[in-house]
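I opened this model to take notes on its parts. Here is what I looked at, entry by entry.

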Amino acid sequence: MSIQQSDVLYTAVATALNGRDGRVATDDGRLDVTVNPPRELGGSGAGTNPEQLFAAGYSACFQGALAVVAREEKADLTGSTVTAKVGLGRNDDGFGLIVEISARIPEVDPDSARSLIERAHEVCPYSKATRGNITVTLA
């Protein structure tokens, strides 16, 4: 279910200059990075790239969702990590993304961890935004 503007609790604002080969900065100055295409795409690889930024955001958001479901289950997330791998490749329309999410939850048995990861995928805002649009697998 989508939210309405009146439901918004926070809005992030970022502006790009020169697209994939330039600079991206947030309006509050907390993020200000040089972006360059990776070497695999013919770029210098000197800066970060949009796929890395998306992977960083997705992994952090997913970890937050994991914490929400873990609290409900009284599961211990001590030492847990979430990794997002974001791939960029060609598709019928030009280019598309594919994502793999993996989580390491050392204090929880594997079956319970898998259940937590699947539930986190249902509540994570990034997962909701990508559902039906790109392939996201849980590793």
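**Entry 1: Asn49**

I looked up Asn49 and found it buried, with a relative accessible area of 7%. Buried means under 20% relative accessible area, exposed over 50%, and partly exposed in between, with a 1.4 Å probe and protein chains only. I note that this is a predicted model, where local features need pLDDT of at least 70 and side-chain atom pairs count only at pLDDT 80 or more, while totals for chains, interfaces and linings use all residues. Residues are numbered from 1 along each chain as its sequence is written, and side-chain values use heavy atoms, with hydrogens and water left out.

Asn49 sits in the loop between strand 3 (32–35) and helix 1. Helices (H or I, at least four residues) and strands (E, at least two) are DSSP runs, numbered from the N terminus. I then checked what Asn49 touches: Asn36 and Pro38, not counting residues up to four places away in sequence. Contact means heavy atoms within 4.5 Å. A polar atom of the Asn49 side chain also lies 3.0 Å from the backbone nitrogen of Gln52. A polar contact is a pair of N or O atoms within 3.5 Å; within protein, one must be able to donate a hydrogen and the other to accept it, and residues adjacent in sequence count only if both atoms are side-chain atoms.

**Entry 2: Ser59**

Next I went to Ser59, in helix 1. Ser59 counts as buried, at 15% relative accessibility. Beyond its neighbours within four places in sequence, I found Ser59 in contact with Val82, Thr83 and Ala84. I also checked Ala103, 44 residues from Ser59 along the chain. Their C-alpha atoms are separated by 9.1 Å.

In what order do the three strands of the open sheet come? I read 4-5-6, with mixed pairing. The edge strands are strand 4 (81–91) and strand 6, and each pairs on one side only. Two strands pair if DSSP finds at least two bridges between them. Strands 4 and 5 run antiparallel and are joined by eleven bridges. I picked out one partner: Ala84 is bridged to Ile101 in strand 5.

Helix 1 lies across strand 4, strand 5 and strand 6, at about 140 degrees to strand 4. Axes are lines fitted to C-alpha atoms, for helices over the stretch in contact, and angles run from 0 to 180 degrees between N-to-C directions. Helix 2 lies across strand 5 and strand 6, at about 155 degrees to strand 6.

**Entry 3: helix 2**

I looked for the buried residues of helix 2 and noted Ala113, Leu116, Ile117, Ala120 and His121. They cover an arc of only 140 degrees around the axis, so they are on the same side of helix 2. The arc is that of the directions from the helix axis to the C-beta atoms. Their cover includes helix 1 (50–73), strand 5 (94–104), helix 3 (125–130) and strand 6 (135–138). At the N-terminal end, Asp109 caps helix 2, with a side-chain oxygen 3.2 Å from the backbone nitrogen of Asp111.

**Entry 4: two phi values**

Most residues other than glycine have a negative phi. I looked up two with a positive value. Asn18 has a phi of about 70 degrees, in the loop between strand 1 (14–17) and strand 2 (22–26). Asn18 is exposed, at 59% relative accessible area. Lys74 has a phi near 55 degrees, in the loop between helix 1 and strand 4. Lys74 counts as exposed too, at 76% relative accessibility.
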